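Have a look at the chain below and turn it around a few times. Then we'll walk through it piece by piece.

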Amino acid sequence: MKSIDLTGHKLLAMRDAQSAHSAGATSILVCEKCVLTPSARDFLAQNNIALVTSAPGKAASASAQVDAARAAQLSAHGANSGAALSKTAPNPRLFFTPEAEAIKKEICAVGRKLWMRQFVDGNGGNISYRIGPNEVICTPTLVSKFDLTPEDLSMVDLEGNQIAGTKPRTSEIFLHLEIYKAVSEAKSCVHCHPPHATAYAITGRVPPNLVIPEFEVFVGKVAISPYKTPGTAEFAQTVIPYVKQHNTVLLANHGIICWGDTVTHAEWYAEVLETYCWTLMLAAQLGVPISRITEEQGSDLLAIKKKLGLPDIRFDTSRMKECQLSDLEVPNSIALTPTPCDGSTGRPAEADLEALIKSVTDAVMGAIGEK
Ligand SMILES: [Zn+2]
């Protein structure tokens, strides 16, 4: 048993946890106001290093108990912790209700689907379900989605503090929590790395619309959020501008996140987006233009979508000019620069501008040469 005194630290980060581990510590003594980063907390739990607050009688195993951490407001979202206090107190008993047991089974089934479809690699991807106003069931960190069992799952409050379950929660939970805070209809979030959709995410492009009806109805316009380091509060907040009007967002240089009214439906949107991106890429290899659904036919699909209660930025008529139903003006491209209605700046990338200038110059020079 070796304890390391870090009561002088206001923040306990991953590197502090790692050096305590290298020094052979079995427990770390911290002050009550110490803030613990999620990755540090996960690391301590994985290595079975106990966290002990300087207040007497507050010892806790990082893997099994989070009470000490919660009491000390050990949250990477320090700025939000004040708000958390005014919310309904989380109810850990919700984790053991028949509804929770059914949700846990559904999460495990969806995890297997994600793995079988090669949407998650290694321990990648995460799934969550908001079971109460301040209670979210989620997948653990460092477990393959194929191997998930209901016992692996845990429950957190809306600030990411673990309130039930023995395995440490995913370090990506903050991404899900930002969506639950922003969209009251969102009951479940699925984050994964499907290869064809992620190919779009690493090029900063989005697929065109009005090609396949299912995609229009269940996903529609796809937004792309800017890259930030995964697991950070900054990363989690990148999706806020998009999630009210998009149930599916590409995460630049990373993957995708989808939300829905059930775990199963959130996973469906990932499937619909991935298959769409894949099909477009296959069609592009045929070397002939893709035929498109007309704007009028597209309006019919949008009407169906509205009836189903699914979100779409194209319902926002005040932004209809910038959020055209389709991108029919770019007929042969399967990878479009995001438009302002996708939440981007709307400014073409430097390379696109250069290509545009070159094509205009070539056309003008060609026309002059012909005269
Ligand atoms: Zn990821």
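## A strand with two covered faces

Which residues of E13 are buried on one side, and which on the other? On one side they are Thr248 and Leu250, and on the other they are Val249 and Leu251, so that both faces of the strand are covered. There's a simple pattern behind this: in a regular strand the side chains alternate between the two faces of the sheet.

Keep in mind that you're looking at a predicted model.

## The neighbours of E13

E13 has a partner on either hand. With E12 it runs parallel, and three bridges join the two. Here Ser225 stands opposite Leu251 of E13. With E14, the pairing is antiparallel and takes in four bridges. In that pair, Leu250 sits opposite Ile256 of E14.

E13 and E14 also make a hairpin, with three residues between them. Check out Asn253 in the turn: its phi is positive, at about 55°.

Now zoom out. These strands belong to an open sheet of eight strands, in the order E10-E9-E8-E7-E11-E14-E13-E12, and the pairing is mixed. At the edges you'll find E10 (162-164) and E12 (223-225), each of which pairs on one side only. From one strand to the next, the twist averages 30°.

Further along the sheet, E8 (residues 135-138) and E9 (residues 154-156) run antiparallel and are joined by three bridges. Within that pair, Ile137 has Met155 of E9 as its bridge partner.

## Helices on the sheet

H6 (residues 173-182) lies across E7, E8, E9, E11, E13 and E14, and it runs at about 40° to E7. H7 (residues 195-203) packs on the sheet too, where it touches E12, E13 and E14. The direction of H7 makes about 60° with that of E13.

## The zinc site

What holds the zinc ion? It is coordinated by three histidines, His191, His193 and His254, each through its NE2 atom, at 2.0 to 2.2 Å. Along the chain, these donors follow the spacing H-x1-H-x60-H.

Let's finish with H11, residues 295-308.

Which residues of H11 are buried? They are Gly298, Leu301, Leu302 and Lys305. Why do they end up together? They cover an arc of only 105° around the axis, which puts them on the same side of H11. The general rule is that an α-helix has 3.6 residues a turn, so residues three or four places apart point the same way. This buried set packs against helix H8 (213-218). On the other side of H11, Glu296, Asp300, Lys306 and Lys307 are exposed. Just after the helix comes Gly309, with a positive phi of about 75°.

## The chain in numbers

How many helices and strands does the chain have? Its secondary structure comes to twelve helices and 14 strands. Of the 371 residues in the chain, 49% are buried. And if you take the contacts with a separation of 6 or more, 64% of them are between residues 24 or more positions apart.

Definitions and conventions
Residues are numbered from 1 along each chain as its sequence is written. This is a predicted model: local features need pLDDT of at least 70, side-chain atom pairs count only at pLDDT 80 or more; totals for chains, interfaces and linings use all residues. Side-chain values use heavy atoms; hydrogens and water are left out. Donors are N, O and S atoms within 2.8 Å of the metal (3.2 Å for Na, K and Ca); water is not among the atoms, so sites may look incomplete. Buried means under 20% relative accessible area, exposed over 50%, partly exposed in between (1.4 Å probe, protein chains only). The arc is that of the directions from the helix axis to the C-beta atoms. Contact means heavy atoms within 4.5 Å. Two strands pair if DSSP finds at least two bridges between them. Axes are lines fitted to C-alpha atoms, for helices over the stretch in contact, and angles run from 0 to 180 degrees between N-to-C directions.
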